[in-house]
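Me: I'd like a close look at one part of this model, the helix packing in particular. Could you walk me through it in one go?

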Amino acid sequence: MHTRRNFGLMLGAGALAGCTTTGTSGFSDPLQPAGPLRLAPVHVSEDRVIRVVAGLRPFRPGGFVVRAEPFGRKTLVHNYGHGGGGITLSWGTSHMAVDLGFAGPERDYAVLGCGAVGLATARLIQRRGGRVTIYARALPPETTSNIAGGQWWPASVYDSKVATPQFLDQLVTASKLSYRHFQQLSGPEYGVRWTRNYVVDEDRFGSTDLFGRLAEVAPELKRAPAGEHPFGALSLQYWDGMMVEPPIYLQAMMEDVLTAGGKIVVRDLKTPADVQALAEPVVFNCTGLGAGELFGDKEITPARGQLVVLLPQPEVTYNLMSGRAYMFPRRDGIILGGSFDRGDWSTEPDGELTKRILADHKAMFAKLKA
């Protein structure tokens, strides 16, 4: 298993090295711009679309749940409801959940769910010496986590009209913990890399106190002066962050769980009685949307997101956001997104929404001057 992954690592590194020598020249390195910033444009057109996918974020207006409670003769630890921040917050909320539920290295632990949150929970238990079995209805690449843009940032996690100050404290703690954990995974083996993020014509960090509290996870947060960036008189904010490529990351995490002696069982647990029948005395609930039906959470709801993926462009090495539109470059394509439809359970691509996403991104890149 490690031999195969190490071979893929060497192959991936070689492929990336090849990309850097054949990409379009003359554009600034986004992390170290020298002089006026020049960004490679994304070629947004219908004939460059390679796939369209839709996924359901597990959204709770009040925010995610991290809580331990008695469950018959078992201990049940909840860790779900991350909205659009599941990958981003996975290590942070899992750290908090394992702190609540870990009962010693001699114990057996069950983790429900094999997305980013369940996998991070399982790995943290293993790092403390616990024995883990993951039970899941679906495995990567068929999880919600696989249908994610992968930008590291706690976006669309809660409704500001509903969330309490206590939850916001939890969110800040989880963000900082997760930020530290992900830094240790930076590299091609896990599909985690540092990327510069640009926001055009808005101030995403000056509007709320929360973003000020997250300043340490947005290093070099600055505003580029007019004349030093290619968006004319429009404002441009930028900061450095991480990108996580779900197809690479989730597969590597599963391999880590198995290599450390963990088990993964495909099983659809439909009722609390099914969970009670598990052999493990401590159960971590990382089921996302499934927590609504399985444990009766009436607040959780789907927030549908659709992604339009274009052919890769190796010369595009930055993230760009403007209004509802966002673009993230990955090895498997240029990710275009910008939808958040609460209460919509459909995972079928919507043709009209695809047109709107493409139009939004054409407009965004029209602002990018030659």
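Reply: A word on the axes before anything else: they are lines fitted to C-alpha atoms, for helices over the stretch in contact, and the angles run from 0 to 180 degrees between N-to-C directions. Keep in mind, too, that this is a predicted model.

Let's start with helix H2 and helix H4 (residues 165–183), whose axes cross at roughly 105 degrees and come within 7 Å. Angles of 65 to 115 degrees count as roughly perpendicular, so that is the label for H2 against H4. On the H2 side, the contact uses Ile87, Thr88, Leu89, Ser90, Trp91, Gly92, Thr93, His95 and Met96. Facing them in H4 are Gln170, Leu171, Thr173, Ala174, Ser175, Leu177, Ser178, His181 and Phe182. Sort that contact by class and you get 10 polar and 8 nonpolar residues, with no charged ones.

Now for the other partner. H2 spans residues 86–101, and it also packs on helix H3 (residues 116–127), at an angle of about 40 degrees and with the axes 8 Å apart. That angle makes H2 oblique to H3, and their crossing is right-handed. H2 brings Gly86, Ile87, Ser90, Trp91, Ser94, His95 and Val98 to this contact. H3 answers with Ala116, Val117, Ala120, Thr121, Arg123, Leu124, Ile125 and Arg127.

Ala97 is among the residues touched by His78, which sits in strand S3 (residues 74–80). With a relative accessibility of 3%, His78 counts as buried. Its side chain makes a polar contact of 3.4 Å with the side chain of Glu69. Setting aside residues up to four places away in sequence, His78 also touches Val65, Val66, Arg67, Asn285 and Phe295.

From H4 you can go to Tyr158, in the loop between strand S5 (131–136) and H4. Leu171, listed above in the contact of H4 with H2, is also one of the residues in contact with Tyr158. Other contacts of Tyr158 include Phe167, Leu168, Ala163 and Leu210, plus Phe59, Arg60, Pro61 and Gly63. For Arg60, the C-alpha atom lies 6.3 Å from that of Tyr158, although the two residues are 98 apart along the chain. Tyr158 has a relative accessible area of 23%, so it counts as partly exposed.

Conventions:
Residues are numbered from 1 along each chain as its sequence is written. This is a predicted model: local features need pLDDT of at least 70, side-chain atom pairs count only at pLDDT 80 or more; totals for chains, interfaces and linings use all residues. Side-chain values use heavy atoms; hydrogens and water are left out. Helices (H or I, at least four residues) and strands (E, at least two) are DSSP runs, numbered from the N terminus. Angles under 35 degrees count as roughly parallel, over 145 as roughly antiparallel, 65 to 115 as roughly perpendicular and the rest as oblique. A crossing is left-handed if the near helix is turned anticlockwise from the far one by less than a right angle, and right-handed if clockwise. Contact means heavy atoms within 4.5 Å. Buried means under 20% relative accessible area, exposed over 50%, partly exposed in between (1.4 Å probe, protein chains only). A polar contact is a pair of N or O atoms within 3.5 Å; within protein, one must be able to donate a hydrogen and the other to accept it, and residues adjacent in sequence count only if both atoms are side-chain atoms. Ala, Val, Leu, Ile, Met, Phe, Trp, Tyr, Cys and Pro count as nonpolar, Asp, Glu, Lys and Arg as charged, and the others, Gly among them, as polar.
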